[in-house]
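Hi,

Here is the structure I said I would pass on.

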Amino acid sequence: MIEKLSVTSDRLLSHRQLACCQSYCGIPLHGKDMLIYSNVDIEQKPLLLTGHHGEISAVTFGKGSGPVLLCSASADYIIVWDIELCQRRTQEGKIAAGTVIGTLLGEVVYLSFCFSDERLAACSGATVYILNSKRQEVISTLTSHLGPLTSAEFCPWNKDILVTTSEDRTFKVWDLKTEAACYQSFVLSATPLLCVFFLEENRHLITGSTDGQVWCFSLPDDSKCHLVTKMDLQKMEKRHQMHNGIGSRQAEAAQQSAVDNVETSKPVLKMAFCSSCTDTSNEHEKDKSWLCIGSSDGLYIVDLAASELLTALYFKDYPKLSITMAGSWSISPAWDNSMVFLVSSLFTPCVALLELRLCELGRIWVCGEGFSVFPSSPLLPESPLNVELKKKEPNHPKKKGGIKEQPLVFHTNVKSSGYTTAPRTMFSPKTNIQKNPPSKKANRDKGLLLRDYPADSAAPTVPHIHLRTGKKPVYCLQFSGDGKQILCGLGDSSVLLYTSSLTGDPTAYTGHDKPVSSVSWSLNRQWWLSASEDQSLRVWTHGSPESAIIMGNSMFCKPIRGAQFYYLDKFLLLASGPSLRLYLYNVDVTRDNIKRYQQRSVVKLARCFSTATATDITALSAINDFFSYIVLVCGSDRSIQLFDMNKGTVASELPDAHSRVVHCITQNKGSIFSRQAPDSYNLFLTSAVTDGVKIWDLRTLRCVRRYENHLNRCHPCSSAISPCGRFIASGSEDNCAYVYDIRSSSYLYKLQKHSDTVLSVAFNPATPELLTGTLDGKLRQFQSSSGAPSVS
């Protein structure tokens with residue numbers, strides 16, 4: 001941050017609205033005059049504007065590039081100046097003059113032009129006046145707030161919408177056509193709201209308060225705002241310092257003076273959008289929503305999508321600046337890869353013009369070595385993934401010499417007694433020959449394999465089927481890879497197998513003693529597994545009510561928090577306590593009638609890994625549809641740890657990923673019916689109680705967006721990514737399921753009328769369908785409005 005200009009005034013300007021644009025900045029002089037400096041040529045003599053008789057209380061520039069308009073307000077006049085015209089008059093030896101558009105409107109604390117510079121909003125007391133910027137005319141007077149106004153801004157995508165903030169701690173959305181408030185927020189904070197800002201790309205409005213709270217609301221066409229996210233500057237700052245190792249310097253900070261250790265509030269004085277123009281080839285460089293927040297101790301750069309602080313530029317870190325504490329900010333839009341700020345000092349009569357080069361902000365995004373779910377190198381010779389299961393060769397006992405056993409009969413064929421043969425039928429007619437030709441099923445299967453997932457279909461929001469599985473919670477759901485079958489893990493320790501159409505009676509599989517915590521299909525769809533709170537894991541096969549593999553009997557000291565097939569069905573992967581276990585297995589479904597309960601399937605521990613901090617694993621995720629070395633686990637210390645199974649080590653760790661323990665992690669796995677960009681498979685979701693859903697990118701090891709519209713306060717509600725990679729579904733405790741657009745933090749649809757908390761959600765990999773499971777044991781299926789047929 002560079003100081004381009006420093007001006008000492010004859011009085012404090014700490015709480016006055018200053019003006020700054022790309023070309024000029026305006027500073028009050030002697031109370032009633034204005035000095036206009038050129039941002040391009042600081043050495044140029046400033047332009048002096050005179051005309052007010054009272055003390056100037058607010059100044060602002062117009063939104064347009066030409067002509068550059070400036071509006072100044074005092075208790076007597078509100079004047080609009082044409083800067084280029086005033087400069088020409090001054091060069092000609094004449095006195096610069098402006099146009100008076102308002103008189104005796106009281107002490108104006110805030111001014112704002114609309115985006116066409118035709119109208120202007122002036123805040124005075126609890127009233128906002130809408131003025132004509134070309135002549136003296138009050139278009140409308142809006143009064144409804146219970147306290148003095150602090151700011152007012154016109155909506156960039158709707159010229160008839162105005163948003164105001166007030167000391168009554170609320171904001172209002174005004175319809176200028178009807179001159180009435182079409183939305184009023186609830187009381188947001190214990191302190192006044194200071195400013196408001198619009199994000200046109202996402203159609204969001206953002207407001208901030210005196211105590212450093214920031215709220216982001218969606219502003220739809222009906223002006224019914226919905227809260228998207230809430231941030232706290234102090235909490236984000238502490239989390240940022242901890243991630244960057246600054247928190248370990250507490251011993252050094254304890255030796256500082258008591259004055260340095262005093263915590264100051266971080267008022268949100270001004271906000272503006274900023275973006276780096278360094279590398280547009282990166283997907284996240286194009287779609288990041290970085291927000292500049294001017295506060296009393298410096299400038300904060302916040303990633304609004306992820307609700308994370310990227311960096312903080314403190315005044316104390318720049319000893320050459322003449323500003324140590326700020327009283328007000330004015331921020332110009334980014335231009336020529338730089339931003340300009342006009343800042344007034346809080347305690348001294350000083351104003352400084354600062355410049356920030358945005359190319360330096362682009363380096364903030366880089367966070368060490370990135371990873372990819374796709375292997376970039378072959379397996380190492382000593383890799384745990386090279387382990388193979390040795391098959392036992394049959395051990396035939398050697399026959400001893402002596403008398404050989406002889407059969408009781410001397411013929412090779414013995415005639416049957418006929419007791420077990422079916423009775424003979426003289427005539428059996430063939431009927432319904434043409435009803436079910438054998439080629440029909442083959443053609444249907446062939447069509448299923450050739451049909452692609454509709455990439456441009458709408459999100460599945462139309463209710464289709466509603467049924468009850470029982471009265472126990474549906475803790476987990478998973479579709480088979482072909483989308484034809486569904487596994488439901490219930491709280492009554494059973495697993496139900498449905499067809500995807502949810503018609504007919506399900507097949508029930510019992511054997512666990514406690515609720516089923518996870519289910520997983522194998523890639524070949526011949527087997528599936530279930531893990532339970534009873535510290536056991538079972539592998540099942542089609543057509544058999546008995547488990548082919550039972551892993552229990554004190555094999556695990558703690559409950560299994562996640563289990564699945566891994567590495568194209570080569571391994572069983574599970575987490576218990578702080579251990580991540582990799583098992584080789586061989587399924588053998590044959591049974592000896594005499595030794596019926598003797599398991600012939602083979603399970604062998606290939607490798608056991610421990611988390612870096614010896615913390616218990618709460619959730620895990622890995623890709624099974626293709627070869628991948630990456631396994632993601634979440635720990636009870638709120639961390640996310642990335643295992644490289646090729647090397648058998650923890651490759652990276654993300655501490656304090658959430659404010660609470662992560663209970664669900666899921667990767668973007670796509671499906672065999674969909675096509676996505678290769679980089680999309682590097683995205684994964686995490687869910688935590690009271691902390692919403694976060695989406696992360698393995699390439700940068702950063703949270704890239706957060707979703708917080710759903711309610712999740714105590715139950716482990718799961719989340720899922722659609723096969724097309726465009727939507728995210730999440731359970732919620734308000735008896736709804738939420739569907740988000742992966743590119744926006746606000747929800748698209750709220751699927752209502754569930755009978756209880758939605759615990760689990762799952763997308764069909766073959767068709768646009770969403771299945772939800774509730775706490776009271778009910779399933780609901782939603783289809784897309786485009787009417788894609790269900791797979792049966």
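Below is what I found in it, region by region.

First, the ground rules. This is a predicted model, where local features need pLDDT of at least 70 and side-chain atom pairs count only at pLDDT 80 or more, while totals for chains, interfaces and linings use all residues. Residues are numbered from 1 along each chain as its sequence is written, and side-chain values use heavy atoms, with hydrogens and water left out.

Six of its six residues are buried, so strand 35 is largely enclosed by the rest of the structure. Buried here means under 20% relative accessible area, exposed is over 50%, and partly exposed is in between, with a 1.4 Å probe and protein chains only. The cover is on both faces: Trp527, Leu529 and Ala531 are buried on one side, and Trp528, Ser530 and Ser532 on the other.

Which strands does it pair with? Strand 34 (residues 516-521) is antiparallel to strand 35, with five bridges between them, and strand 36 (residues 537-541) also runs antiparallel to strand 35, again over five bridges. Pairing requires at least two DSSP bridges between two strands.

Leu523, Leu568 and Phe627 make a nonpolar patch of about 230 Å². Patches take residues with over 30% relative accessible area and no salt bridge, joining like charges within 9 Å and nonpolar side chains (Val, Leu, Ile, Met, Phe, Trp, Tyr) within 5 Å. A salt bridge puts a side-chain nitrogen of Lys or Arg within 4 Å of a carboxyl oxygen of Asp or Glu, and the areas come from the Shrake-Rupley method with a 1.4 Å probe, counting for residues only the protein chains shown as cover. Leu568 is in the loop between strand 38 (560-566) and strand 39 (571-576), and it is partly exposed at 31% relative accessible area.

There is also an open sheet of four strands, antiparallel, in the order 18-19-20-21. Strand 18 (193-199) and strand 21 (226-232) are its edges, each pairing on one side only. Strand 20 (residues 213-218) and strand 21 are joined by six bridges, and Phe217 stands opposite Leu227.

Two polar spots are worth a look. Ser38, in strand 4 (residues 33-38), is buried at 13% relative accessibility. A polar atom of its side chain lies 3.4 Å from the backbone nitrogen of Val40, and the backbone nitrogen of Asp41 lies 3.4 Å from a polar atom of the Ser38 side chain. At the start of helix 1 (residues 83-91), a side-chain oxygen of Asp82 comes within 3.4 Å of the backbone nitrogen of Glu84. Polar contacts are pairs of N or O atoms within 3.5 Å; within protein, one must be able to donate a hydrogen and the other to accept it, and residues adjacent in sequence count only if both atoms are side-chain atoms.

Cheers
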